[in-house]
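Work through the following exercises with the sequence and model at hand. Each task is followed by its solution.

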Amino acid sequence: MLGKISEKLRTYENDPMVKLVVLKANGKVFCVGGDLVSASKFVAYGHWSFGTSYYRKEFCLDYLLATYKKPMVAILDGSVMGGGVGISIHSTFRIVTENTIFAMPEASIGLFPDVGASYFLSRLPGSFGEYIGLTGARLDGAEMVAMGLATHFVPSQNIQAMEKALEKMVASSDATSVTTMSMIINKFAQEVKVKPESVITRYTNISSSKCANWDQLGLIYLIFMDFDYAIHG
């Protein structure tokens, strides 16, 4: 699948008729990785070459998307985790809905956030990127917008109409601009507020405490203690 996606993207990038690329899923889940399961099974059987080949393709795809020359719209109307984040995070527009769930859960199984996470997590406000990278905490659509992981919140029921409006714009104009696309998406977008019990609130409480002035190791320990309490009580 990774190879097919890369091939299509290169074709679209060089096709003057293609003015906009839309990334979306056919079902309720955008993409939640799943690569770790397959890779771990093959490695357990001694087939290291599978993991090497797979991750080479995945990371090359992530780089292609991060350096893509044409506007992209990622419609995240469902779960987006791990590898799915790598596929969507570099899109010009990242559309979330009330159904969106975001996470980088690698740390919870003893791995680390990959797919370029050190680039995009480190650019989030404060140390929030480190927080979600260490804890694998899940974010909803409103939280993603608040922290800059998404550009627009569009109710799921408006997604189809938004797509048709973008399609109409592309079909009726020889030269489409990112500004025009943004204006169209804004017509369907809504402002949303983060819930009081948000992950962002938990992070803010930690980062604003006097303990956050400790050395980095102390802060990391505090983060994990908070995360463990959130899970086990």
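The model is predicted: local features need pLDDT of at least 70, side-chain atom pairs count only at pLDDT 80 or more, and totals for chains, interfaces and linings use all residues. Residues are numbered from 1 along each chain as its sequence is written, and side-chain values use heavy atoms, without hydrogens and water.

**Exercise 1.** Determine which residues line the largest cavity.

Solution. A cavity is a set of points on a 1 Å grid over the protein atoms alone where a 1.4 Å probe fits but cannot get out, and lining residues have an atom within 4 Å of a point. The lining consists of Leu-76, Val-80, Val-85, Ser-88, Ile-89, Arg-94, Phe-102, Met-144 and Leu-149.

**Exercise 2.** Identify the residues of the largest nonpolar core that touch the most other members.

Solution. Such a core joins buried (under 20% relative accessible area, 1.4 Å probe, protein chains only) Ala, Val, Leu, Ile, Met, Phe, Trp, Tyr and Cys residues through side-chain atoms within 4.5 Å. Among its 39 residues, Leu-23, Phe-102, Phe-128, Tyr-131, Ile-132, Met-144 and Leu-149 have the most such contacts. A second, separate core has 15 residues, including Val-73, Phe-93, Ile-95 and Met-162.

**Exercise 3.** Is H6 mostly covered or mostly uncovered?

Solution. Helices are DSSP runs (H or I, at least four residues), numbered from the N terminus. In H6, 6 of the 8 residues are buried, namely Phe-128, Gly-129, Tyr-131, Ile-132, Gly-133 and Thr-135; the helix is thus mostly covered. Just after H6, Gly-136 has a positive phi of about 70 degrees.

Methods. On a 1 Å grid over the protein atoms alone, a cavity is a set of points where a 1.4 Å probe fits but cannot get out, and a pocket is an open set with protein on both sides within 12 Å along at least five of seven lines; lining residues have an atom within 4 Å of a point. Buried means under 20% relative accessible area, exposed over 50%, partly exposed in between (1.4 Å probe, protein chains only). Helices (H or I, at least four residues) and strands (E, at least two) are DSSP runs, numbered from the N terminus.
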